[in-house]
Amino acid sequence: IFSVPTSVFSFFLGTKMAAQPFALSSPGKVVPATPQLDEETPLLPHSVAQPSYSAGFCTFILMSSMMGGGSLSLPWCFAHTGTALGLLSLLAWASLSSYTMYLLSTCGRKTGDSDYEVLASRCLGRHSGIIVHALLLLLMLSVCIGYLILMSDILSHLLGGLWAWVASAGHSPSSLSNAVAPRFLCIILFVLSVAPRCVATHVSGSRHSSAVGFAAILALTGVVAARRIMGSPSPVHGVAPVWWKPGTVSPQEMVRAMLYTMPIYSGVYVCHFNVLSVQSRLSDPTPARCTAVLVVTACTCGLIYCALAVEGYLFSGQFTCDNFLLNYPSIDPLVTIGRLLMATALWANYPNMAIPCRILLQGATIPLKRAVVGFFKGHPSEPAVASSSSTTETAQKAVRVAHALLVLKLAILGAVALPSVSVVWTLAIPLTCNVIAYMLPPLFYLQIVHTRWTLTSLVAVVLLLFSGLSVFPMMAEAFARMGAPACPALPPSRV
């Protein structure tokens with residue numbers, strides 16, 4: 001329902017070239033957009049107050065922000081598409097992601113913008129920033145819900161394994177191998193542990209927590225590879241993974257499977273909202289140096305994703321869960337280490353998602369409040385903004401607490417109402433990540449950089465059409481399979 005008008009409106013904003021586009025450079029100030037420049041224009045010089053980072057460190061920052069909880073669903077995607085198409089999809093979306101990040105980087109070099117919303121306002125008009133703001137809010141809220149579901153799945157197995165170990169006095173009877181704790185209890189425990197950190201005024205230590213998540217995924221890849229090499233018993237032992245899925249299903253089913261898994265294949269490469277800010281800190285930011293950082297980021301993450309997806313898929317084959325850690329027994333010692341690492345990473349990174357979501361939600365209520373006040377007064381009004389001296393720190397903290405509680409409540413409702421994390425990814429990513437990462441960057445490029453038709457411009461148009469037209473089919477397939485279980489049912493002979 002929402003994807004079609006959003007796609008049409010975004011396409012309309014990008015194709016309707018205004019004679020004098022404007023951009024918001026600061027609150028209350030409007031400046032003309034930078035005129036179109038050629039691709040050889042050098043970058044704007046750094047501000048003296050801003051520290052510069054090396055290319056390796058910028059690559060590490062982007063990789064840490066790119067790799068997240070969505071990678072736990074990649075083996076599940078392989079179960080739907082097969083290994084061959086899964087690997088091709090990961091490599092193809094790595095190329096598309098690096099290309100759209102290159103388009104975004106080029107636009108940032110022309111305008112000097114280091115903020116995604118500001119660039120959107122500059123390219124597509126002042127009101128397009130509202131759309132980007134809403135998309136970012138929906139994206140962050142969806143990630144909060146997805147991470148909460150992942151954390152409840154991981155905690156349920158960790159607590160269930162602990163209970164099984166205590167109940168068996170240190171032994172591992174088969175009857176307790178799949179013991180799990182109640183999901184709702186795990187959700188409440190996790191929310192209570194992160195709630196105080198979600199009230200902070202700003203995100204602190206985001207680089208460190210993102211690095212923890214990056215290291216956890218690397219370690220988890222090694223853990224599942226070691227577990228498979230050691231010959232861990234699988235609940236579907238003897239079921240061979242499918243290498244070429246189209247050879248076993250009809251073409252129509254294969255197309256539906258690709259549409260169903262496309263949001264996850266594309267969403268695991270999204271870090272586009274950090275590209276401009278990281279590029280503004282890069283030392284010696286030449287075009288070739290910026291492009292190299294983006295390409296290395298996407299390719300390295302793609303190789304890690306391929307290894308993790310293959311190793312996770314080989315364990316359970318076509319019966320892989322949408323969080324592949326659910327396929328392993330609760331009392332598996334080696335996988336328990338991997339679960340602990342991922343639980344630590346999710347706990348450390350959750351405020352990095354909840355705090356921006358809270359800030360975006362707080363920013364979204366301001367124009368709503370102004371509209372309501374103007375409606376009841378009978379005319380558009382701009383209520384006076386209270387001075388900072390009249391706003392006490394206690395009142396500001398109360399506002400932060402109220403919005404943080406609202407975000408956590410919405411996340412709990414979503415985690416309880418939705419059956420699995422795959423529902424979150426397949427419903428939210430087409431509407432948010434697809435627009436932010438694969439639809440708007442080509443629009444930005446055509447508005448700012450495009451002066452004559454080149455291969456880059458043609459590819460940008462094709463990618464724009466593909467990303468816009470694929471939103472509705474992906475959403476339709478996600479709605480059609482919304483009731484699918486997180487873990488496919490085993491055949492009776494293997495239960």
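Analyst: Let's start with a term: two residues are in contact when heavy atoms of theirs lie within 4.5 Å. Among contacts in this protein between residues at least 6 apart in sequence, 86% join residues at least 24 apart. The model is a predicted one, where local features need pLDDT of at least 70, side-chain atom pairs count only at pLDDT 80 or more, and totals for chains, interfaces and linings use all residues. Residues are numbered from 1 along each chain as its sequence is written, and side-chain values use heavy atoms, with hydrogens and water left out.

User: Thanks! How many helices and strands are there in the protein?

Analyst: The protein has 17 helices and two strands. Both are DSSP runs numbered from the N terminus: helices are H or I with at least four residues, strands are E with at least two.

User: And what share of the residues is buried?

Analyst: A residue is buried under 20% relative accessible area, exposed over 50%, and partly exposed in between (1.4 Å probe, protein chains only). Of the 495 residues here, 52% are buried. The accessible surface of the protein comes to about 22,200 Å², and carbon and sulfur atoms account for 70% of that surface. Such areas come from the Shrake-Rupley method with a 1.4 Å probe, and for residues only the protein chains shown count as cover.

User: Which residues of α14 are buried?

Analyst: Val-421, Ser-422, Val-423, Val-424, Trp-425, Thr-426, Leu-427 and Ala-428 are buried. That is eight of the eight residues of helix α14 (residues 421-428), so the helix is largely enclosed by the rest of the structure.

User: Could we zoom in on one residue there? What does Val-421 touch?

Analyst: Val-421, in helix α14, is buried at 0% relative accessibility. Leaving aside residues up to four places away in sequence, Val-421 touches Ser-73, Gly-146, Ile-149, Leu-150 and Asp-322. Look at Ile-145 too: Ile-145 and Val-421 are 276 residues apart along the chain, and their C-alpha atoms are separated by 8.2 Å.

User: Now helix packing. At what angle do α4 and α16 pack?

Analyst: Each axis is a line fitted to C-alpha atoms over the stretch of the helix in contact, and angles run from 0 to 180 degrees between N-to-C directions. Helix α4 (residues 83-111) packs against helix α16 (residues 455-469) at about 115 degrees, and the axes are 12 Å apart. From α4, the contact uses Trp-93, Leu-96, Tyr-99, Thr-100, Tyr-102 and Leu-103. From α16, Thr-456, Val-459, Ala-460, Leu-463 and Phe-466 take part.

User: How many salt bridges does the structure hold?

Analyst: A salt bridge is a side-chain nitrogen of Lys or Arg within 4 Å of a carboxyl oxygen of Asp or Glu. The structure holds five. One of them joins the side chains of Asp-332 and Arg-227 (3.0 Å, N to O). Asp-332 lies in the loop between α11 and α12 (333-377) and Arg-227 in helix α8 (residues 206-229), so this pair ties together parts that are 105 residues apart in sequence. Asp-332 is buried at 8% relative accessibility, and Arg-227 is buried at 10%.

User: Which residues are linked in a network of salt bridges?

Analyst: Glu-253, Arg-256, Glu-477 and Arg-481 are linked in such a network. Arg-256 and Glu-253 meet at 4.0 Å, N to O; both lie in helix α9 (residues 251-267), three residues apart, about one turn of the helix. Arg-256 is partly exposed at 33%, as is Glu-253 at 38%. Glu-477 and Arg-481 form a salt bridge whose closest N and O atoms are 2.6 Å apart, and both of these residues are buried.

User: One last stop: is Asp-284 buried or exposed?

Analyst: Asp-284 is exposed, with a relative accessible area of 52%. Asp-284 lies in the loop between α10 (275-281) and α11 (287-316). Its phi is near 50 degrees, a positive value in a residue other than glycine.
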